[in-house]
Amino acid sequence: MRYNLFYFIQSILIVVLSPLLIGILKKMKAILRGYVGSSILQPYYDLEKLLKKGRIISNRSSFITTIGPIIILGATITTAFFIPVFYTSMEKSIGNLFILMFAFAIVKIFTVLIGLDSSSTFGGMGSSREAFISMMAEPLMLFLITFLYIETKDFNIFHISFINSNIVHFKMEHYIAMVSFIICLLAENARIPFDNPETHLELTMMHEAMILDLSGSDLAYVELSSYIKLVVYLIILINCYIPMGIATTLTASALFLGFLIFIIKLLFCLLGIAIIETTFAKSRLFRGAEIFPATIALGIVAITLIYIL
Amino acid sequence: MIEALLTIILISSIYMSGVRRIKLLTGGFVFQSAAIGLIALKLGYDTGEVHYYVLALLTIITKVIIMPLIINKSVKKLKINREMELMVNAFNSYILTGTGIMIAFGLLNKSHNNFIKTGIALFIIGVLLMVARKKAITQMLGFLIFENGIVLFEISLTKMSFVIEAGIVFEGLMLALIMGIMIFHINKTFDSINTDSFENLKE
C-alpha cells in the first residue's frame, strides 16, 4: 500500500482552510438575510482568541472532559486524510468508507460523553437529543454506503470518485441517493431542520448544549473539529455523488482545472446550505425525526433500483 | 434530464406520503404535475409528435393552475389546515411506501422502463393516502396522485389515441371540481370532513 504525497497536501489544505469556508458560509447567510455580517476571516480570529485563553474545568468532571476535546479534534483531522479533494487515482491506498463512518462515530460518542460528564442539566438534554438523532442517521448512512458499493463495486472512496467521474449522465437512483445524503449531512452536522447551530436558546440547542461547559482551548478544538466535519461531509457529497471534473492525472493543467471545478462546486454547496438555513425553520425534535423514515424510504428505493437493473 | 424529472416526481411523492399539512401536500402535487408536464414536453421535442405537446399543455393548465386553486379555495372555506389524527402515522406510512415500492420494483425487474416504475410508485402512494387518511380532502389528493400515475403510465406507451389522453386529464379536473363541492356539503351536514362521521345516521 502506497500513500501518495499529493493526497497529503490536499488534505492539509482542508484542515487549514475549513474555518475560511465556514466564514464564507456565515457571510452568505448574512447577505441573504440582508445585513453586512462579519468578515470571512472571523472564525480564525475566534479560534485565536479561544486558544489564548486558559482552560477551566469543573471540579465535578472526570478525565473525559480533560481528554475529550483533543480526541475529537484528532478523529476529525484523521477523517480529512481519508478523502480525495481535487485529485484521485486508482492506486491502492487508505480511504475505506467504514473507517470514515466510525471515525465520525468516535467524534459523536465523545461529544455525548462530554455533555454527560459535566453533570449539568443542559448537557444531559443535549446528549440525549444528539444520540436520538444519530440513532436515526446511522442506518441511513449504511444504506448510502451500500448504494455506493453496489454502484461501483468498491468501498474505497478514492476509487468511488474515480469510477463515478467517468459517468456523464447519472441515473435516477443516483439522484435519489444524493438527496438522501444531503439530508443525512444536515442531520449529522446539526444544521437547520434538525438543530440550529447559532442559537444558545435552551429549548432548541443540541450540539451547543453538550459543549456548554467547555472553555478556552478545549472549546477551540471542538469548534475547529465541527468546522472540519462539515467540510469533510461536503467533500464526500461532492466527490462521491457529483465528481465530474476531478483531476485523475498528476499534470498541472488537470490539477488546476480540478481545483477550480472543486472550488465552484464547494461554493455552490455552501450556498445551498445557506439558502436552506435562511428559508426553513427549525422543526420540533420529533417532527424533525419524521424526516428520517422518508429518507430511509428513499434509500430503499435507490438500492432497489440499482440492484435490480 | 428525464431521469432528473422522474427523480423529482418520486421524491415529491414519497415526501407527500407522510406530510400532514394540506398546503404542503398541494405544493408537492403541483411540483409533481409540473415535472410530468415537462417530461411530456421533452418527449414531444425528442420525437416530434404533436400529442405529447397537447398532453403537456393540458397537464400544466389543469394540474398546475386550476386544481391547486380549487383545493386552496375549499381549504380556505373549510378552515382546515392539517390532518390531525392519522390512521397510519407518518413514521409507518413512510416505511410502508418504501417497502411497497421495493416490492413493486422487484416484481417489475424485467422492465427497463422507468416511466412504468414511477407510475407504479405513484399508484402505491395514492392508494395509501386514500386508505390511511381520514379527511376527505386528503383522500381526494390521494386520488389525484393516483391519476398522475396513470398519466405517467400512458406516457410510456408509444401509441395512445388523443381522445383517451384528453379523457384522463378532464376526468381528473371534473373529479377535483365535484369533490370540492361535495366536501363543502359534507362539511355542512356533519360539521367536519372526517369520513368516519359517515357512519352516524342522520335524518
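How many residues does the contact take from chain B, and how many from chain A? In this predicted model, 22 residues of chain B and 18 residues of chain A take part in the contact. On the side of chain B that touches chain A, two helices, α1 (2-16) and α4 (90-107) of chain B, each supply at least two residues. The largest share of that side of chain B comes from α4(B), which gives ten residues. Sorted by class, the side of chain B that touches chain A holds 13 nonpolar and eight polar residues, together with one charged residue.

Within chain A, helix α1 (residues 5-33) packs with helix α2 (residues 42-52) at an angle of about 125°, and the two axes lie 7 Å apart. Because angles over 145 degrees count as roughly antiparallel and those from 65 to 115 as roughly perpendicular, α1(A) is classed as oblique to α2(A). From α1(A), the residues that make this contact are A:Pro19, A:Ile22 and A:Gly23, and α2(A) contributes A:Gln42, A:Pro43, A:Tyr44 and A:Leu47. The contact of α1(A) with α2(A) comprises five nonpolar and two polar residues, with no charged residues.

Helix α9 of chain A spans residues 216-241 and has 26 residues. From the first C-alpha of α9(A) to its last, the reach is 38 Å, close to the 38 Å expected at 1.5 Å a residue. Helix α9(A) is also mostly covered, with 23 of its 26 residues buried.

How values were computed:
Residues numbered from 1 in each chain as written. Chains lettered and ligands numbered in written order. Predicted model: local features only at pLDDT ≥ 70, side-chain atom pairs only at ≥ 80, totals over all residues. Contact = placed C-beta atoms within 7 Å. Helix = DSSP H or I, 4+ residues; strand = E, 2+ residues; numbered from the N terminus. Nonpolar A, V, L, I, M, F, W, Y, C, P; charged D, E, K, R; others polar. Axes fitted to C-alpha atoms, helices over the stretch in contact; angles between N-to-C directions. Parallel < 35°, antiparallel > 145°, perpendicular 65-115°, else oblique. Expected span 1.5 Å × (residues − 1). Buried ≥ 20, exposed ≤ 12 C-beta atoms within 10 Å, placed from the backbone.
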